[in-house]
Amino acid sequence: MVNTDTSAIWQRLSQAAEATRQTQLRDMFAADRQRFSRLSVRWNDWLVDYSKQRVSADTMALLEELWQAADVAGWISRMRSGAPINHSEGRAALHIALRHPAGKPPILCQGRDVMPAVLGELAKMRDFGAQVHGRHWRGASGEPITDIVNIGIGGSDLGPRMATQALAAFHHPGLKVHYVANLDGADLATVLAHLQPRSTLFIIASKTFTTQETMQNAASARHWLVQALGEAAVARHFVAVSTNLAEVARFGIDPANTFGFWDWVGGRYSLWSAIGLPLALAVGFDNFQKMLAGAHAMDEHFFSAPPAENLPGLLALLEIWNSNFLGAETRALLPYSQSLGLLPRYLQQLEMESNGKQVDRHGAALDCSTAPVLWGEAGTNGQHAFYQLIHQGGRLLPCEFIAFKQPDFALPGHHEKLLANCFAQGEALMRGKTLDETTAELSAAGMPADQVALLAPYRSFPGNQPSTTLLLPRLDPFNLGALLALYEHKVFVESVIWDINPFDQWGVEYGKQLAGRLLPVIRGEAGGDLLDSSTAGLVAACRERD
């Protein structure tokens, strides 16, 4: 995107934002009875209602011009062609290939069709799942597998962990899937405390098989197993998702039981690959394929729909409007689904690790903010935690609600109340309640005038908080796949407009380097002469405790 100081479209949007600050959402609805129909989009059985955003038809037209000026269509074409759009690492970004169906046109990377390799790994996952589910894969003592423990971190944990919880209604009976990520020993220890070595299978997910957190947890899990069953049991109780076959073999895992993926798959985009193996085991490979099909359907929509109807594009443009022009610094993600309780955590990595950058593709400093801070919680729990701040805290806090027409777990009397709360929150955030309305309401209830005057200010709400509601038919594998692909493409559109690379994460790498330097100091194996005084003081304090 061009410099914001000289970009004509950026300046016109800034002017539109100034005019918008003087308007109220409730007045926009009062002035246009067709606002909902004008500012909502349907796709398949989905409804995306953005009529409660502080936009007009003119604003949306300007945002579409921004899409055109940034050449989003051109960047989509580059991504699909396998061009090295991850320019800082010289790689393509072809996660779309991971859910590309067999029999479709090839997807090329450096002139080579990647689909035979992708389909080969999927077939390997399917066959392995059939062995586990059919009780043919047995541990060293001959017992079938009852528990799967996935050991990974970041993209090797968040995606499959979130999706496994999201699809709890589809879990395979008789098999439990657990996740361990944190280097804190409490994470692994509390999982192992309830498992039996004879019937436990570990998946070690690390592309390089050198990730510090993952390999420490893997080593501890290996020790736990070997203590109970002996060294020879490792090959029957560990499989790997990695590209480093030498290290996998050195660990004791049969390379034949290693599932691969490719350098054109970033960690936070890898759920669709063999990184999704624990999910495929949890829900069965047929359901895993349905999730891939949902993601592919969203891919096709994103590639072909015009900006005004393009769901990922619309969400991206609305976020840019809220953050770059209205000044919002955060976005609240509010799924009214307990099963999607981990979605905010998953999207924190996808969005903030991808777009949390201040240097453009040419190495120059940006003159605008990028990814807002993403946070949230499943409804209705969040209503009893942080919604007070959204309603009366005085900050601009755009919200994104996700709801489903049908429940994934149908208990009488629950789902209607859940939907009522979701829609009520969106209405309350939009409408608010004026001091006059509150005064009239309290007076009509018979409250004495002096009490009305005292309490009315506390019970008034400014409203005018923007929100979008995604209403989906049900939480199933297809719709989950489409939902996650929606957010992947949203992130991509934003990165194009901000002119940044969403596929690297050098800030994460820097922290790893510093941790590697500090480890021998903390162990007492090296001096801390080069440390700053704060870090040196913290290390010294740890030694005092010992």
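How many helices and strands does the protein chain have? I found 22 helices and 13 strands in the protein chain. A reminder to myself before going further: this is a predicted model.

**Entry 1, the whole chain.** I began with overall dimensions. The C-alpha atoms of the protein chain fill a box of roughly 80 × 60 × 60 Å along the principal axes. For 546 residues, a compact globule would have a radius of gyration near 24 Å, and the 26 Å of the protein chain agrees with that. I then looked at burial: 52% of the 546 residues are buried. The accessible surface comes to about 23900 Å², and carbon and sulfur atoms hold 53% of it. I also checked the contacts with a separation of 6 or more, and 73% of them are between residues 24 or more positions apart.

Next I picked out an open sheet of 6 strands and traced its order as 1-2-13-12-10-11, with mixed pairing. Its edges are strand 1 (40-43) and strand 11 (373-376), each of which pairs on one side only. Ignoring direction, neighbouring strands of this sheet are turned by 15 degrees against each other on average.

**Entry 3, strand 13 and its partners.** Which way do strand 12 and strand 13 run? Strand 12 (residues 399-404) and strand 13 (residues 467-472) run parallel, and 6 bridges join them. Strand 2 pairs with strand 13 in the antiparallel sense, over 3 bridges.

I went on to single residues. Cys-399 stands opposite Ser-467 in strand 13. Phe-401 stands opposite Thr-469 of strand 13, and Asp-49 stands opposite Thr-469 as well.

Are the residues of strand 13 buried or exposed? I counted 6 of its 6 residues as buried, so strand 13 is mostly covered, taking under 20% relative accessible area as the cut-off. In a regular strand, side chains alternate between the two faces of the sheet. Here Ser-467, Thr-469 and Leu-471 point one way, while Thr-468, Leu-470 and Leu-472 point the other way. The residues on both sides are buried.

Which strands does helix 14 lie across? Helix 14 (residues 311-325) lies across strand 1, strand 2 (46-49), strand 10 (330-335), strand 12 and strand 13. I noted its angle too: helix 14 runs at about 155 degrees to strand 1.

Notes
Residues are numbered from 1 along each chain as its sequence is written. This is a predicted model: local features need pLDDT of at least 70, side-chain atom pairs count only at pLDDT 80 or more; totals for chains, interfaces and linings use all residues. Side-chain values use heavy atoms; hydrogens and water are left out. Two strands pair if DSSP finds at least two bridges between them. Helices (H or I, at least four residues) and strands (E, at least two) are DSSP runs, numbered from the N terminus. Axes are lines fitted to C-alpha atoms, for helices over the stretch in contact, and angles run from 0 to 180 degrees between N-to-C directions. Contact means heavy atoms within 4.5 Å. The radius of gyration is taken over C-alpha atoms; the globule rule is 2.2 Å times the number of residues to the power 0.38. Buried means under 20% relative accessible area, exposed over 50%, partly exposed in between (1.4 Å probe, protein chains only). Accessible areas come from the Shrake-Rupley method with a 1.4 Å probe; for residues, only the protein chains shown count as cover.
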